[in-house]
Amino acid sequence: MLSTVAVQAQDEGRKAIAYVQAPEMSSGLCAEKDAASAIDCAVKQCIEGGGTVEACEVNAVCYPANWSVDVFMMADGGPHWHQFSCGWQSKELALKAAELACSNAPDNGLIECTAVQLIDEDGTVTEAPFN
């Protein structure tokens, strides 16, 4: 019991992040006090942006959020989507995750693959290029 209390005290103030996507329609991204709140917020954003309840699916959720990266991918022929990766200890590691995700893009039929957003634990979004 004591260790659980210590972990909760240590995590005080940390946030969860959730990314929800309705392919070719909409998406939602929220950083909130816990995973359930982050998911609820992101689903609401996705629906408000034009996605349907059925199409808005959770792609990623992390607690603690740490650093996240949003990778845009486009297949030959036009379909496109975002791959979201969260929970990285630094922005450099998040960018390395994006680099790895895109490392074999041509072999997977992708004509475009690039990190488009970095997100810190508070939900602050930085768009490419990253300095």
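**View 1. Isoleucine 119 is buried in this predicted model****.** Its relative accessibility is 0%, so isoleucine 119 counts as buried. The cut-off for that label is under 20% relative accessible area. Isoleucine 119 belongs to strand S6. Leaving out residues up to four places away in sequence, isoleucine 119 touches Ile17, Leu29, Asn66, Trp67, Ser68, Phe84, Thr124 and Val125. One of these contacts, serine 68, sits 51 residues away along the chain.

**View 2. Four strands make an open sheet in the order S5-S4-S6-S7****.** The pairing is antiparallel. Strand S5 (80-88) and strand S7 (125-127) are the edge strands, and each pairs on one side only. From one strand to the next, the twist averages 25°. Strand S4 covers residues 67-75, and strand S6 covers residues 110-119. Eight bridges hold S4 and S6 in antiparallel pairing. Look for alanine 75, which stands opposite leucine 110 of S6.

**View 3. The largest nonpolar core has 13 residues****.** Which members touch the most others? They are Val69, Val71, Met73, Ala98, Leu110 and Cys113. Strand S4, helix H3 (91-102) and strand S6 are the elements that each give two or more residues to this core. Alanine 98 is in contact with Val69, Val71 and Ala115, leaving aside neighbours within four places in sequence. A second core is separate and holds 10 residues. Ala18, Ala38, Ala42 and Ala55 are among them.

**View 4. Helix H3 packs its buried residues against S4, S5 and S6****.** Ala94, Ala97, Ala98, Ala101 and Cys102 are the buried residues of H3. Seen down the helix axis, they fall within an arc of 130°, so they line one face of H3. Which exposed residues does the face turned away from the buried side carry? Lys96, Glu99 and Leu100.

**View 5. Three strands form an open sheet in the order S2-S1-S3****.** Here too the strands are paired antiparallel. Strand S2 (26-32) and strand S3 (57-62) stand at the edges. Each has a single partner strand, so one side of each is left without a neighbour in the sheet. Neighbouring strands are turned by 15° against each other on average, direction ignored. Strand S1 spans residues 16-22 and runs antiparallel to S3, with five bridges between the two. Valine 20 has valine 58 in S3 as its bridge partner.

**View 6. Strands S1 and S2 form a hairpin****.** Three residues lie between the two strands. Glutamate 24 is in the turn and has a positive phi of about 65°. How many bridges join S1 to S2? There are seven, and the strands run antiparallel. Glutamine 21 stands opposite serine 27 of S2.

**View 7. Helix H2 lies across S1, S2 and S3****.** This helix covers residues 35-48 and runs at about 150° to S2. Its buried residues are Ala38, Ala42 and Cys46. Viewed down the axis of H2, these residues fall within an arc of 70°, so they line one face of the helix. They pack against S1 and S2.

Note on methods
Residues are numbered from 1 along each chain as its sequence is written. This is a predicted model: local features need pLDDT of at least 70, side-chain atom pairs count only at pLDDT 80 or more; totals for chains, interfaces and linings use all residues. Side-chain values use heavy atoms; hydrogens and water are left out. Two strands pair if DSSP finds at least two bridges between them. Axes are lines fitted to C-alpha atoms, for helices over the stretch in contact, and angles run from 0 to 180 degrees between N-to-C directions. Contact means heavy atoms within 4.5 Å. A nonpolar core is a set of buried Ala, Val, Leu, Ile, Met, Phe, Trp, Tyr and Cys residues joined through side-chain atoms within 4.5 Å. Buried means under 20% relative accessible area, exposed over 50%, partly exposed in between (1.4 Å probe, protein chains only). The arc is that of the directions from the helix axis to the C-beta atoms.
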